[in-house]
Amino acid sequence: MQIMEMTHKCLVPVTDFRAGHGWENGEDPQSRARWCCQQLEESRILYFEELPFEFSEDDRKFLISQRLGDSRLHKNISYRPKQDLLRGFASQDAATADRLHEVMRRYSQNVIRFLSQLLAPYSSDWAVDYASFRPEAEQSRNLPVRKRNDLLHVDAFPSRPTHGGRILRCFTNVNPTEGRVWNTTDAFPELARDHAEQAGLNQFATRSGPGVAGVFQSFGRALGLKIKTYSAYDRFMLHFHDYMKENSAFQQDCPKIKLEFPPGSTWICFTDSVPHAVLYGQHAVEQTLIIPMSALVTPEKSPLRILERQAGRALA
Ligand SMILES: [Fe+2]
């Protein structure tokens with residue numbers, strides 16, 4: 001299977017980085033890493049045809065051998081590197097659970113090591129988020145609209161506000177024979193220009209006071225609870241995610257670019273600015289990192305700054 005739109009501006013193949021070696025051809029690692037960050041911040045997808053980090057064939061085979069439907073394996077298995085916790089897998093068989101935990105831990109560590117070389121300008125400031133394994137065939141999932149992965153959207157995490165921090169995700173298709181197919185469309189600058197106002201950006205920007213949720217947050221903090229706070233940016237991005245999925249005219253009429261990621265390929269992007277819909281595929285692994293505004297090489301191109309310019313006021 002081939003990438004159908006290799007030449008499209010949104011996809012940037014990287015051919016001079018090799019697992020276990022790093023940059024080749026005597027390239028200046030610092031300037032290559034900075035260039036990669038710039039590409040990502042321009043809403044492009046870095047694409048690697050070959051695995052750019054260590055991931056053994058044994059580990060890959062073990063992951064895809066886990067069967068759905070035997071109730072041990074949930075639809076999404078997540079690994080939380082900071083706490084070394086595995087979620088979404090319930091097994092009576094302790095040896096299998098331990099092995100899965102070990103495979104996800106090793107995967108996460110290897111990807112983070114790879115990204116700290118590839119995207120060095122981010123590595124001292126990023127927050128390591130979850131890794132996940134997606135064992136289910138995307139085309140057979142039956143989910144409510146807001147949870148559907150086959151509708152174009154940009155990401156925002158309901159449980160993890162970023163205050164302008166960027167959602168960076170590294171995906172690998174571990175399926176041995178089938179590609180993973182995405183649709184994408186115009187990236188965040190055009191999306192915001194064409195849809196943010198209609199989606200209610202100005203109301204989110206001008207809503208004063210903490211609102212009901214804020215009152216509960218203050219109350220919780222007074223009780224000594226650890227309470228998350230959501231900026232206007234977080235609230236708008238969560239709303240924008242739903243707005244895009246629920247807007248059937250947008251879903252139907254927007255220009256679409258189909259991307260097919262072959263078995264064994266890896267791709268990296270900021271999923272808060274690259275719209276994506278997963279149309280087809282089974283067995284992908286993914287690691288998420290949050291990149292704070294202060295680490296970006298071109299912060300003026302971030303969704304936060306784009307929306308702030310559009311709204312005429314600070315959002316975080
Ligand atoms: Fe998404």
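Start by selecting T288 together with D129, Y130, I167, L168 and R169: T288 is in contact with these once you leave aside its neighbours within four places in sequence (contact means that C-beta atoms, placed from the backbone, lie within 7 Å). This is a predicted model, where local features need pLDDT of at least 70, side-chain atom pairs count only at pLDDT 80 or more, and totals for chains, interfaces and linings use all residues. Residues are numbered from 1 along each chain as its sequence is written.

Is T288 buried or exposed? T288 counts as buried because it has 20 C-beta neighbours inside 10 Å (buried takes 20 or more other C-beta atoms within 10 Å, exposed 12 or fewer, partly exposed in between). T288 sits in strand β13, residues 284-291 (strands are DSSP runs of E, at least two residues; helices are runs of H or I, at least four; both are numbered from the N terminus).

Next, pick helix α8, residues 232-246.

Last stop: α2 and α3. Colour D59, F62 and L63 in α2, then R99, V103, R106 and Y107 in α3, and you'll see where the two helices meet.

Terms used. Expected span 1.5 Å × (residues − 1).
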